[in-house]
Amino acid sequence: MVALRVADKAKVLLCGYYGEHNLGDDALLQVLVSQLPDAWHPVITARDHQAAAALVPGASIVNRRSLSETIRALKHVDALVLGGGSLLQDGTSFKSLLYYLIVLWSARWKRIPIILWGQGLGPLRRQWSRWCVRATLSRIRAVSWRDPASLHQAQQWRLGMPMVMGPDPVWCHPAPVWSGGQDLVLCLRPTPLLNTQGWQVLLQALDHFSAQSDAKVIWLAFHGDQDAALWNELDQQGLIPVDLRERSLQMRADSLDQVQHLFSQSALVIAMRLHALILAATTGCPTAALSYDPKVKAAAQLADLPWLNLADPLDVQAMTRQWTAARQHPASRSTIQQLRETADVHRTLLLEHLQEIHQHLQ
C-alpha cells in the first residue's frame, strides 16, 4: 500500500472497480479525479497498483481486493466517494455487493462522510439486497445518479439526502476529434443473450457489412480479462466466416489514449460495452450500439445513436442496413456537447459537498 500521509491536504478514498483492466472504469476514475478540489488528495482502491498509479500520478493506492486493507484505509481519510458505475447491485455477484456494503457501513461507523458519484442502482434481485442497500443509503451525505431509473428507485425509497441525476460521467472525458478512417472497430463482450445461433447471425452480418464496405475489422478487447478470449471461443466453435477472419485483427485495449486515437481514426465503432460506446461517440466517430443491458440502450438513445436490442431476434439484412446508414452519419457534435454539459451535475455535487466537508475540517 502506498503511504497515505500527504501534508496539508485532506484525503478522500475513491472506492470503485479500478485497476481491473476495464477501460470504462479507468475513464470513470480519470473523470472523477479531475473533478476533485485541489485541497483533496485521492486514495484509490485498485487491483493493479501500477495501472492506477499511471492513470493518477501521485495518488495513494490500496488493494481493492483486500477488504481488510480497504477498511484500514478508512482510518486515514476524511471522506469516502463511491465512484462511478453500478456498484450497488447483485446481478454480477452477491459477494461484490456485500463488499461495498461493508465498506459503506465501516465508513458510517467511523463517521466518515460518504458521497455516491455517478452511480447506478441495481439490479437488486434479492429482497435482502434491496433492504440492506436501502438501509445503508439512508445515511449517505449526497448522491449523483447516472440514470433516471436509479433516481426513481431512490425517490421511491424516500431517501432524505441531496440527490441529482445526469448522464454517465464519462461523457465528460476529454476526446480527440474524429478525422475519419476505413476500419470497423468491434467492442464485443460475452453475453448470455446470444446463443450459438445468435452469434452466428451477428457474425454473418459483420461479414456481409465489412465485405460491402471493404473494411478491416478490429476486434478490440475493451475489458482485457473478459473480452480477450471471445474471438478464440467463437473461432473454436467455427462461427467466424472465413472472409471475416481474413479481414480481422485482434487488439487488446492497453490505454485510454490508444483507444481514443483508434476511435478517432475509424469508419464505424460497433459497441456492446457502455463506455466504449460513450468514448467513441465523444470523438464524433460514427457509432452503433448492440444493447445487452438497458444502460447501453439508454446511452445510445441519449446520444441519438442507432442501436439493436440483443434480446430481440437478429436479422442480417436489418443490421447491415443500420450499420451502413450509421457509417454515413457521424455522432452529432451538438448532441455530445449537450450531454457533456448535462453530465456536469456530478462534478457540481461533488465539489459542493467536498468543499463543505473541508471547511468543517479546518
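How many bridges join β1 to strand β4, and in which sense do the two strands run? In this predicted model, four bridges connect β1 with β4 (residues 79–88), and the two strands run parallel. Within this pairing, Leu14 stands opposite Val81 of β4.

Strand β1, which spans residues 10–18, also pairs with β2 (residues 40–46), again in the parallel sense, over six bridges. Here Lys11 has His41 in β2 as its bridge partner. Eight of the nine residues of β1 are buried, so the strand is largely enclosed by the rest of the structure.

The description now turns to an open sheet of six strands, arranged in the order β10-β9-β8-β11-β12-β13 with parallel pairing. In general, the strands of a sheet pair through backbone hydrogen bonds, either parallel or antiparallel. The edges of this sheet are formed by β10 (248–252) and β13 (307–309), each of which pairs on one side only. On average, neighbouring strands of the sheet are turned by 20° against each other, direction ignored.

Helix α12 (residues 274–283) lies across β8, β11 and β12 (287–291), and runs at about 170° to β12.

In soluble globular proteins, nonpolar side chains tend to be buried together. The largest nonpolar core in this model comprises 91 residues, and Leu206, Phe263 and Trp323 are those with the most contacts inside it. Apart from residues up to four places away in sequence, Trp323 touches Leu202, Ala205, Leu206, Phe209, Leu268, Ile270, Ala288 and Leu290. A second, separate core contains 34 residues, including Val62, Leu80, Tyr99 and Ala107.

Helix α15 (residues 333–343) presents distinct buried and exposed residues. Its buried residues include Thr335, Ile336, Leu339, Arg340 and Ala343. These residues cover an arc of only 145° around the axis, which puts them on the same side of α15. The face turned away from that buried side carries the exposed residues Ser334, Gln338 and Glu341. Among the elements covering the buried residues of α15 are α12, α13 (294–302) and α16 (345–361).

Two of the buried residues of α15, Arg340 and Ala343, are also contacted by Cys172. This cysteine is found in the loop between β7 (163–165) and β8. Leaving aside neighbours within four places in sequence, Cys172 is in contact with Val31, Arg340, Ala343 and Asp344. Its relative accessibility is 22%, and Cys172 therefore counts as partly exposed. Cys172 and Ser213 lie 41 residues apart along the chain, and their C-alpha atoms are separated by 32 Å.

Notes. Residues are numbered from 1 along each chain as its sequence is written. This is a predicted model: local features need pLDDT of at least 70, side-chain atom pairs count only at pLDDT 80 or more; totals for chains, interfaces and linings use all residues. Side-chain values use heavy atoms; hydrogens and water are left out. A nonpolar core is a set of buried Ala, Val, Leu, Ile, Met, Phe, Trp, Tyr and Cys residues joined through side-chain atoms within 4.5 Å. Buried means under 20% relative accessible area, exposed over 50%, partly exposed in between (1.4 Å probe, protein chains only). Contact means heavy atoms within 4.5 Å. Two strands pair if DSSP finds at least two bridges between them. Axes are lines fitted to C-alpha atoms, for helices over the stretch in contact, and angles run from 0 to 180 degrees between N-to-C directions. The arc is that of the directions from the helix axis to the C-beta atoms.
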